Amino acid sequence: DVCSSDLAVDVLLDPSQESRKREIERAVEDLGTSRLTVINTAGEVVLETQADPEDMDNHASRPEFIDPGTIVTRWSETLEQDMTYVAHAVEHEGQLLGHARMALPHEDQVGRITDLRGAVRKGALLAALFSLVLAGIFARRVTQPLTQIAELVSEIGTKQTTRRLEVTRDDELGQLGRAVNRMADDLQGQIARVERDRSEREAIFSAMADGLLAIDKNQNILFINQPARRLLGIGEGRIKGRQVWELVQDRNIIEALERCLETEVRSRGESTLESEDGAHKVELTAVPMAGTASANRGCVLELRDVTDLRRLEAVRRDFVSNVSHELKTPLTAMRGYLEAMLEDEEMPEPLRASFIQKAHRNTERLAAIVGDLLSLSRLESEEHELAFEPLELVDLAEVVGSDLRDLAESRRQVILVESPEQQVHVNADAQALGMALSNLVSNALQYSPEGEE
């Protein structure tokens, strides 16, 4: 600025202006160790702040004046030290008046550069420290909520938790935190629904009388209810995931499940299972799981305890056999008496009357048997009520003995009714008590050797 200022123009226009020279000298002094040299177009020194211009030679050949704007460092004969020079043209109204040159001692320049480098390094260090502090603050502001989000997501993935993030910011991290909270709420609701459905399903399956056992395609146990545990003799404890053949030793069950897995159709069977409370007849029904892909389809095995049903069927068969036998005896006797009377038209009247009387008694016996069956049906009916009345037990026993005498005679047996000295009075249903006595006496006749009293 000093080189191209109006002061330099004034000095070149009128070198005798001492006041303008002093202003330039003061301006240069403000720059510290700077040196200002002004020359005219002829190379003559007009102004020099560090020496007497009259003692200086012509500067037209100096490289900084030949090529203005170029920085040149060389030995100064005037100051006897290395100096760094730079010159600028001084013009006035488009006319070149001369050149102004600024010079600095090379050592000062090196020192200033060194100081500048030090200042730059210090500034860079301070900037780096400041950046680190800012980065730490920013990183903590970013990483802390991310860490909290990661911890909550980890908890959600491993266990049920009611902890939620405290979100106080509205930026992207705040939006992410609120989204994670919503996800945790939704997931907790879904888990609660699944647990509730599973509890309800297990309660329903456990309340069933039939046993249920579910396996996957690899014969791993998926579910078993309490009746199935009881029938298969499996104790308490978690068995999900274990192979079915590890816990079930019955071959019929294993074969039913294998057929179901291989054919993907319903498979049936029956087996006898031994448990702590005895042997059980069990119907087996293996059904493919519905709602799963064929490649992943397992089977559900139903175990229905039919022990009581089979026992009732046996009792029914015995009952039918006994009733048939009871009906056959009087019918056979009646048929024999009637055929004898039909075939022998000259049969004496006393004998005919005896046959008719015996046939009549067998008819009464048939009516009594039918009545017993009807009474048994009424006794099994829930609506049946006993009609209690005062009865003489000896009289009832004589009626039962009279009804069963023909049966006794056919087996060459004798029925004796011994009356005690005092009568035996009871309050009972005559029909029900008579049936009970008749059954007792009939069983005695049937299972006693022939010819006994």
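Reply: Happy to; we will take the labels one by one and set each value against its definition.

Reply: First, the ground rules. This is a predicted model, in which local features need pLDDT of at least 70 and side-chain atom pairs count only at pLDDT 80 or more, while totals for chains, interfaces and linings use all residues. Residues are numbered from 1 along each chain as its sequence is written, and side-chain values use heavy atoms, with hydrogens and water left out.

Me: How many helices and strands does the chain have, and what makes a stretch count as one?

Reply: The chain has 13 helices and 12 strands. They are DSSP runs numbered from the N terminus: helices are H or I with at least four residues, and strands are E with at least two.

Me: What makes Cys 260 and Cys 299 a disulfide?

Reply: A disulfide is a covalent bond between the sulfur atoms of two cysteines. The rule here asks for a pair of cysteine sulfur atoms within 2.5 Å. The sulfur atoms of Cys 260 and Cys 299 are 2.1 Å apart, so the pair meets the rule. By that rule the count comes to one disulfide.

Me: Which parts of the chain does the pair link?

Reply: Distant ones: Cys 260 sits in helix α8 (residues 251–263) and Cys 299 in strand β10 (residues 299–305), 39 residues apart. The link is left-handed, with -100° about the S-S bond.

Me: Why is Cys 260 called buried?

Reply: Buried means under 20% relative accessible area, exposed means over 50%, and partly exposed lies in between (1.4 Å probe, protein chains only). Cys 260 has a value of 1%, so it counts as buried. Cys 299 is also at 1%, so it is buried by this rule. Across the chain, 31% of the 453 residues count as buried.

Me: What does Cys 299 touch, and how do you know that these are contacts?

Reply: Contact means heavy atoms within 4.5 Å. Leaving aside neighbours within four places in sequence, Cys 299 is in contact with several residues, including Leu 213, Ala 214, Ile 215, Leu 257 and its partner Cys 260. In the whole chain, residues 24 or more positions apart account for 50% of the contacts with a separation of 6 or more.

Me: Why is the pair Arg 251 and Glu 258 called a salt bridge?

Reply: The rule needs a side-chain nitrogen of Lys or Arg within 4 Å of a carboxyl oxygen of Asp or Glu. For Arg 251 and Glu 258 the N to O distance is 3.9 Å, so the pair passes. Arg 251 is partly exposed at 48%, and Glu 258 is partly exposed at 26%. The structure holds 11 salt bridges.

Me: Where do Arg 311 and Asp 308 lie relative to one another?

Reply: They are three residues apart in helix α9 (residues 307–343), which means about one helical turn separates them.

Me: Why does Arg 352 have no salt bridge?

Reply: Arg 352, in helix α10 (residues 349–380), is buried, and the nearest side chain of opposite charge, Glu 349, is 4.3 Å away. Lys and Arg count as positive, Asp and Glu as negative, and His and the chain ends are not counted. Not counting residues up to four places away in sequence, Arg 352 touches Met 341, Asp 344, Glu 345 and Met 347.

Me: How do you know that the buried residues of α13 line one face?

Reply: The buried residues of α13 are Gly 434, Met 435, Ser 438, Ser 442 and Leu 445. Seen down the helix axis, they fall within an arc of 100°, so they line one face. The arc is that of the directions from the helix axis to the C-beta atoms. The face turned away from the buried side carries the exposed residues Leu 440 and Tyr 447.
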